[in-house]
Amino acid sequence: MNLMERFRRQFAFNWGVGTIEFGAGKVAQLGPIAKAMKARNLLVVTDKAIAKTDILGKVEDSLKGAKVSYTVFGEVEPNPLDTIVEKGAAIARETKAGAIVGLGGGSSIDTAKGISVIATNPGSIRDFQITSPADFLKMKIHPLPLIAIPTTSGTGTEGNFWAIVTHTEKWNKMAIGGPPQYPGGPCIAAKVSINDPQLTVTLPPFQTASTGLDAFAHHYDSYTANLATPISDAISEYSMKLIRNFLPIAYTNGKDLEAREMMMLASLLGGISFANSDCSAVHCLGEALGGLYGNPPRPVVAHGLACSLFMPWVMEFNCLTDPVKHANVARFLGEDVSGLTLNVAAHRCVDGVKRLIRSVGLPTSLEAVGVKKEDLPAVAERATWNVSVDSNPRPVNLDIFLDLLNKAYKGW
Ligand SMILES: [Fe+2]
């Protein structure tokens with residue numbers, strides 16, 4: 001079936017975020033924006049590393065300049081924990097926060113989203129886990145308004161209505177959020193996203209690489225997912241080319257503002273794209289690994305790195321199920337597929353993504369990042385719990401996930 005034959009003529013598409021303020025220096029607009037929103041007692045949610053940088057200083061200067069009161073909650077951990085969400089929500093209620101600012105990478109913004117939900121809705125954050133579309137109705141009350149300020153280019157969470165939070169008893173990642181159930185209905189998407197690429201120029205090479213591969217994984221997953229739409233396809237086709245062209249530059253020369261701008265754009269667009277078409281097997285596995293290997297005592301495997309470790313194997317598994325799209329992915333990754341049969345061209349996406357991963361120096365096996373072989377069955381089981389399992393273009397199950405994990409363990 002070619003692309004035109006399967007064009008989805010009926011679909012819904014949610015532009016997740018209210019307003020996007022994009023551009024170098026835009027963070028200075030936070031104060032005036034908060035003032036215009038009539039938001040008082042902002043809770044600025046961030047992590048310890050950002051709290052020590054001049055990025056927090058820029059945020060505070062803007063808020064002080066506009067005479068907007070705020071409190072800083074700087075306790076976010078990587079792979080955000082439900083316990084930190086609960087703690088932040090207690091502070092939000094105590095300080096009568098009128099809005100939440102999520103400042104940092106995906107962990108800070110997702111923690112901020114979780115706080116915004118349970119600051120206004122009764123219950124714990126675990127009560128809002130989404131395991132089926134029926135769960136979209138769990139959130140009855142509008143969350144606190146959110147202003148998202150990403151400081152990495154990967155998560156895209158500033159552009160959508162999803163948050164991923166770790167359940168600290170099951171050590172599994174929960175999906176929180178979902179599209180509004182009626183126009184104007186409760187939704188955790190940011191009211192404003194301030195995408196200031198200047199905030200990413202000091203991001204170290206490893207984090208640049210890892211988050212950049214997360215952004216690529218969002219577009220790959222979204223583009224090949226069963227629920228892909230013409231709009232998400234167009235967004236992801238454009239963005240995969242951006243990442244292939246600009247991630248190696250941002251990795252090599254972090255101060256290249258154009259590369260940082262293009263990566264921040266591709267990341268934001270990833271969040272918008274997958275919010276509508278879903279993620280698929282790369283993220284089922286990546287989130288499952290992050291549940292177990294997201295926090296000590298096990299070695300911490302960054303989310304983007306986890307996705308990167310699985311992507312070649314998932315592409316290889318999926319490519320002949322949808323050779324048209326995978327041949328396109330190969331082209332977007334710079335592979336010359338002219339003259340090849342469709343199936344051979346489709347398979348070349350694996351070579352393309354390996355070249356991209358190699359160009360930014362990321363590890364290529366689970367073994368190399370400290371994952372224990374005996375944990376693979378537990379990771380496979382968690383992957384089957386993921387809300388996106390049915391979105392993968394080729395059916396997956398426990399045995400298939402375990403096979404993909406064993407391949408990724410040995411690596412390439
Ligand atoms: Fe991701």
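Mentor: Helices are DSSP runs of H or I with at least four residues and strands are DSSP runs of E with at least two, numbered from the N terminus. The model is predicted, so local features need pLDDT of at least 70 and side-chain atom pairs count only at pLDDT 80 or more, while totals for chains, interfaces and linings use all residues. Residue numbers start from 1 along each chain as its sequence is written.

Trainee: How many helices and strands does the protein have?

Mentor: Counted in that way, the elements of the protein come to 14 helices and eight strands.  Its C-alpha atoms fill a box of roughly 65 × 45 × 40 Å along the principal axes, and the count asked for is 14 helices and eight strands.

Trainee: How far apart are the centres of domain 1 and domain 2?

Mentor: The domain assignment, which is automatic or from a database, gives domain 1 as 19-200 and domain 2 as 205-410. Taken over C-alpha atoms, the separation of their centres is 25 Å.

Trainee: Which elements give two or more residues to the side of domain 1 that touches domain 2?

Mentor: Contact requires C-beta atoms, placed from the backbone, to lie within 7 Å, and 29 residues of domain 1 meet 29 residues of domain 2 in this way. On the side of domain 1 that touches domain 2, the elements giving two or more residues are β6 (162-167) and β7 (172-177).

Trainee: What is the direction of α6 relative to α7?

Mentor: Axes are lines fitted to C-alpha atoms, for helices over the stretch in contact, and angles run from 0 to 180 degrees between N-to-C directions. Helix α6 (residues 205-224) packs against helix α7 (residues 230-252) at about 160 degrees, with axes 9 Å apart. Angles under 35 degrees count as roughly parallel, over 145 as roughly antiparallel, 65 to 115 as roughly perpendicular and the rest as oblique, which means that α6 runs, relative to α7, roughly antiparallel.

Trainee: Which residues of α11 meet α7?

Mentor: Helix α11 (residues 323-332) packs with α7 at an angle of about 35 degrees, and their axes are 9 Å apart. From α7 come Glu 237, Met 240, Lys 241 and Arg 244, and the α11 residues that they meet are Asn 328, Val 329 and Phe 332.

How values were computed:
Contact = placed C-beta atoms within 7 Å.
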